[in-house]
Every structure is written in structure tokens, then in C-alpha cells.
Amino acid sequence: MNYIRRLSGDVSGIYKLSDGNPEFTVRYHGVVYLRGETFRQDIAKYLCSAAVEKLFKDSQMRPKRVSLTVSSDMEIGITVLDPSTKAKLEFNLQSIAFCCTDFNRPKVFSFLADIDNALQCHVFGAEREDKARLIALTLRNTFQEAFSKWDKTTKKDERVKGRRISYGRMQETLKEVDETECQSNRKTMENPSPAKET
């Protein structure tokens, strides 16, 4: 993921995301468990916003400074590491359902994770609005890139599997043709038709 992006409204210039897995220092505000909710694209932003409001209203804890690493590998995905305690949260990309910045708090971004068929909203804060937007864009682009790779691999696997099945069927058909031909030849050898007189 080697590209340069200028964000609209970004006054600090150009960000460069290096090859590999981008890493960001952010503050982790916590998680809100959205019991009874299932993911729907049309209400995802509302769910994130409601979770952020609930967390800011109820939380007495000060947010922890953490390192957030993003990988386009489906199995690795997002890693949140607390450098002081070495505690780690990991989310594979298949579990991430949605990511956005918060409308009321532009320095805050969150993502929805579907863990064991239950939605969780994890909330983070960046130093500046443009950094929060950058991280949300990075997450979105990573999901799209990983999904695209997964989709291509899946389609390729399906094509290869389809070819194997077709080849197997073709082999069976050829075998049946060979057996039918052998039986026909055997019958001809056992019961030769009388020679016609001319």
C-alpha cells in the first residue's frame, strides 16, 4: 500500500503510507457491546455514533495511548497494542463490518466488529481531525484491498475446482466410452458376422 494522499481540508500537508502495515498512535476509549443488534449497512453510522455517545457519557476512565496497526492480510487485520502492558486486541478483517469518523467528534473514529455473531463498537481518538480521517480511510482501503484479494483468490479457486470437476467428468466419460467400445469389440470377436457373398 504505497501511495500519497492529500485529504480534503488537510492543512498539514501530504501523508505517505509506507509499504507494509501502517501503524498509528491513537487513544483507545473503549468498547461498547451492541447486544441484540445485527449489522446493517444503512444504520451502521448511526450505531457507531450512538456507541460513541454512550461511551463518552458513561466512561470514567481516561483513554489509553495505544498503537494501532493495520494489515491487509485477512487473518491479521487490525492489531491494537498497549505498549505499557503489552496487552493486545486482534481483529481479523473478516470480523470488521464498518469504520467511520464521528460526526459530532471529528477527532474520534470507530469500527464495528462482528465477534461470535455479536456487534462490538471500538472507539479511538486521534490528535487531529485530519489524522482521524486518514486512519478511517486507511482502514476502509485496507478492507477493500483485502476483500478484493480474497474475492480473486476465491474465484480462482472455484475456477480451478470447476476445471478439476470437468476434467474428472471428462475422464469418466472417456472411460465409459472405452468400456463400451471394448464390450462392442469383444462381442464382434465372439460373434463374427458371416461374410457376405458377392
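Let me start with Phe-91, which counts as buried because its relative accessibility is 5%; buried means under 20% relative accessible area, exposed over 50%, and partly exposed in between, with a 1.4 Å probe and protein chains only. Phe-111, at 0% relative accessibility, counts as buried too.

Some background. This is a predicted model, where local features need pLDDT of at least 70 and side-chain atom pairs count only at pLDDT 80 or more, while totals for chains, interfaces and linings use all residues. Residues are numbered from 1 along each chain as its sequence is written, and side-chain values use heavy atoms, with hydrogens and water left out.

Now the rings. Searching the whole structure gives four aromatic pairs. Rings of Phe, Tyr and Trp (its six-membered ring) pair if their centres lie within 6.5 Å; planes under 30 degrees apart are stacked, over 60 edge-to-face, and the rest tilted.

One of the four pairs is Phe-91 with Phe-111, edge-to-face, at 5.2 Å centre to centre and 80° between the planes. Phe-91 is in strand 6 (residues 88–91) and Phe-111 in strand 8 (residues 108–115), 20 residues apart. Strands (E, at least two residues) are DSSP runs, numbered from the N terminus.

Next, Phe-109 and Phe-124: their ring centres are 5.3 Å apart and their planes at 15°, so this pair is stacked. Phe-109 lies in strand 8 and Phe-124 in strand 9 (residues 118–125), so the pair ties together parts 15 residues apart in sequence. Both Phe-109 and Phe-124 are buried.

Which residues form one aromatic cluster? They are Tyr-28, Phe-91, Phe-109, Phe-111 and Phe-124.

Note on methods
Helices (H or I, at least four residues) and strands (E, at least two) are DSSP runs, numbered from the N terminus.
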